[in-house]
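Have it open beside you and go through them point by point.

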There are 2 protein chains.
Amino acid sequence: MFQFTAVEERAERIIESAVALAEKGGFEAVRLRDVASDAGVALGTLYRHFHSKEDLLVAALAAEVTTLEDYLSSNPARGVNPIDRVVSVFAVATSGMCRRPRLAQAILKSVASANPNLTEQVAAFHGRIAALTDTALHGPETESNGNDHSAEALVLQQVWFASLVGWAGGLHDQEAVVSKVRVAAGFVLS
Amino acid sequence: MFQFTAVEERAERIIESAVALAEKGGFEAVRLRDVASDAGVALGTLYRHFHSKEDLLVAALAAEVTTLEDYLSSNPARGVNPIDRVVSVFAVATSGMCRRPRLAQAILKSVASANPNLTEQVAAFHGRIAALTDTALHGPETESNGNDHSAEALVLQQVWFASLVGWAGGLHDQEAVVSKVRVAAGFVLS
DNA sequence: CGGTAAATTGAAACACGTTACAGCCGTAAA
DNA sequence: TTTACGGCTGTAACGTGTTTCAATTTACCG
C-alpha cells in the first residue's frame, strides 16, 4: 500500500534527531552515526533516505519553512503599507532562524554549500520564500503557481539570505539582518 | 629581520597550490595533503599558516580581490550613469569568479561556511567589495578609510553575493548573476 | 663559532562522512 | 506454505580534515 504521508515516518524521525543535535552543537554536532542511533535506525537506512549530511539538513529546512508558511497563513502580515508587511514577514522568518542559532548555522551552511545535488531543494526553498514575500506585497489573491515572482520579492529575498549568511558567520546580529532587509525594502518599494 | 611582503613566500606557494587544485576539481579536490606536497611543504607547516581548509581558501579569495582591485584601479568603470558604472564593476567581478567555476565554488563554499574563525577575513572581503562599489558610485575622491559604506553599496553587495552563491549551487548562470545585480541597481539608484 | 628559539619535517593517530556488504525480516505473489 | 524481493541492520572499511609530537633544520644573536 502506498503511504500518502508527506515524508515517511522513518525519515521524519531522522530529521527530528538531526534537528535536535544541530540545536545543541551546530553543524559539527550532527554526527550521522549519532543521528541514526538517536532515530533508532541503522546508518545505511539514513543514507537510503538522504544522500548526504547537507541533504538531511536541507530537508530540515523544508520542514521549518512549512511551519513558517503555516504561521503566516494563520497570521498574515498586517498593515496598510507594503513595506511594513514585507519587513514583518522577514522579521518573523529571521526570528524563527535566530531562535535556534546553531541549527540555523548548520542549515545555512548546507544551503550555501554549492552542492549540485541540492539544487532542486534549494531552488524550492527560494521559491517558497519568494512566494511568501509576494503574498505580503500583493496579497494572497495573486496566486502564482510557478516560479514567476516579482523582481522586488527576489531582491529582498537575496538581501535577506546574504544577511542571514553574514549573521551565521558572525558578521552582525539578528537585529542587523532585519535592518538590512528594511533598508532594501525602502529602496525597492519607493 | 622582518619580512615586509604581504604574505610569506611559503604561504604564497601554499595558496597557489590550493588554487591550482581547486581550479581542476573544486572544493573536494583541495586535499590538504596534496596541497602541502605540491607546495613542497609538510602538512604541519600548512596548518601553521592556515587554521583550516576554509581558511586557506578564504586567503585565496583575498588574493583574487587584490587582483580585482588592481584591475579596477587601472581600468576604472566608465560611464556617466552610476548604474552603468556599478553594474560594470560587478560584471567584472562576476566574470573573474565564473572564469574558474570550480575555484569559485570552492571559495564561495568557504566564505559561506558560517565558520566563526573566518569572521574577520570574511568581513574584510565584504568591506573591500563595498569600497569598490562606493568608488564606482561616488568616485574615488570619497575616501572612506573605515567600514562606513553607503547603504546602496551594501544592498548591491548582498544581492551580488547571494546571486553568486546561487550560481555556485547551480540555481542559475553567470548572466543571471549580473542581471540580478542590474535589477537591484535599478531599484536602489532611482 | 656556539647557542638558542622558532620553524619545519615526517609520520602517526583520531574523528567522522561515506560506501559496501552480508544476513535478516516482512510482505506479497504463487 | 514456499519463494522472491526490497528494505533494514550491523559492521567493517576507506578517505580525508585535523591534531600531535619528537627530531631536525633554520635563522639569528652574542
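1. Start with H3(A), which gives the most to the surface near DNA strand D, with 4 residues. A residue is called near a molecule or strand if its C-beta atom, placed from the backbone, lies within 6 Å of it.

2. Before you go further, keep in mind that this is a predicted model: local features need pLDDT of at least 70, side-chain atom pairs count only at pLDDT 80 or more, and totals for chains, interfaces and linings use all residues. As for labels, residues are numbered from 1 along each chain as its sequence is written, while chains are lettered from A and ligands numbered from 1 in the order in which they are written.

3. What sort of residues make up the surface near DNA strand D, by class? That surface has 8 nonpolar, 4 polar and 5 charged residues. Here Ala, Val, Leu, Ile, Met, Phe, Trp, Tyr, Cys and Pro count as nonpolar, Asp, Glu, Lys and Arg as charged, and the others, Gly among them, as polar.

4. Now look at DNA strand C. It is surrounded by 17 residues, the closest being Ser52(A), Lys53(A), Ala42(B), Gly44(B) and Thr45(B). The largest share of the surface near DNA strand C, 4 residues, is from H3(B). Helix H2 (32-38) and helix H3 (43-49) of chain A, along with helix H3 (43-49) of chain B, each put in at least two residues. By class, the surface near DNA strand C divides into 8 nonpolar, 4 polar and 5 charged residues.

5. Let's zoom in on two serines. Ser52(A) sits in the loop between H3 and helix H4 (53-74) of chain A. With 15 C-beta neighbours inside 10 Å, Ser52(A) counts as partly exposed. The cut-offs go like this: 20 or more other C-beta atoms within 10 Å of a residue's own make it buried, 12 or fewer make it exposed, and anything in between is partly exposed, with C-beta atoms placed from the backbone. Ser37(B), found in helix H2 of chain B, is partly exposed too, with 14 C-beta neighbours inside 10 Å. The C-alpha atoms of Ser37(B) and His126(B) are separated by 32 Å, and the two residues are 89 apart along the chain.

6. How are the two protein copies related? Chain A can be laid on chain B with an RMSD of 0.0 Å by a turn of 180° and a shift of 0.0 Å along the axis. The copies are thus related as by a two-fold rotation axis. The superposition is by least squares on the C-alpha atoms of residues with pLDDT of at least 70 in both copies.

7. Next, the place where the chains meet. Contact is made by 30 residues of chain A and 30 residues of chain B, where two residues are in contact if their C-beta atoms, placed from the backbone, lie within 7 Å. On the side of chain A that touches chain B, the largest share, 9 residues, comes from H8(A). That side has 19 nonpolar, 9 polar and 2 charged residues. Of the interface residues of chain A, 100% are also interface residues in chain B, so the copies meet through the same surface.

8. His126(A) is in helix H7 of chain A. Is it buried or exposed? His126(A) is buried, with 21 other C-beta atoms within 10 Å. His126(A) and Gln158(A) are 32 residues apart in sequence and 9.1 Å apart in space, C-alpha to C-alpha.

9. One last thing to check is the backbone at Ala114(A). Most residues other than glycine have a negative phi. Ala114(A) has a positive phi of about 60° although it is not a glycine. Ala114(A) belongs to the loop between H6 and H7 of chain A, and it is buried, with 26 other C-beta atoms within 10 Å. Ala114(B) also has a positive phi of about 60°.
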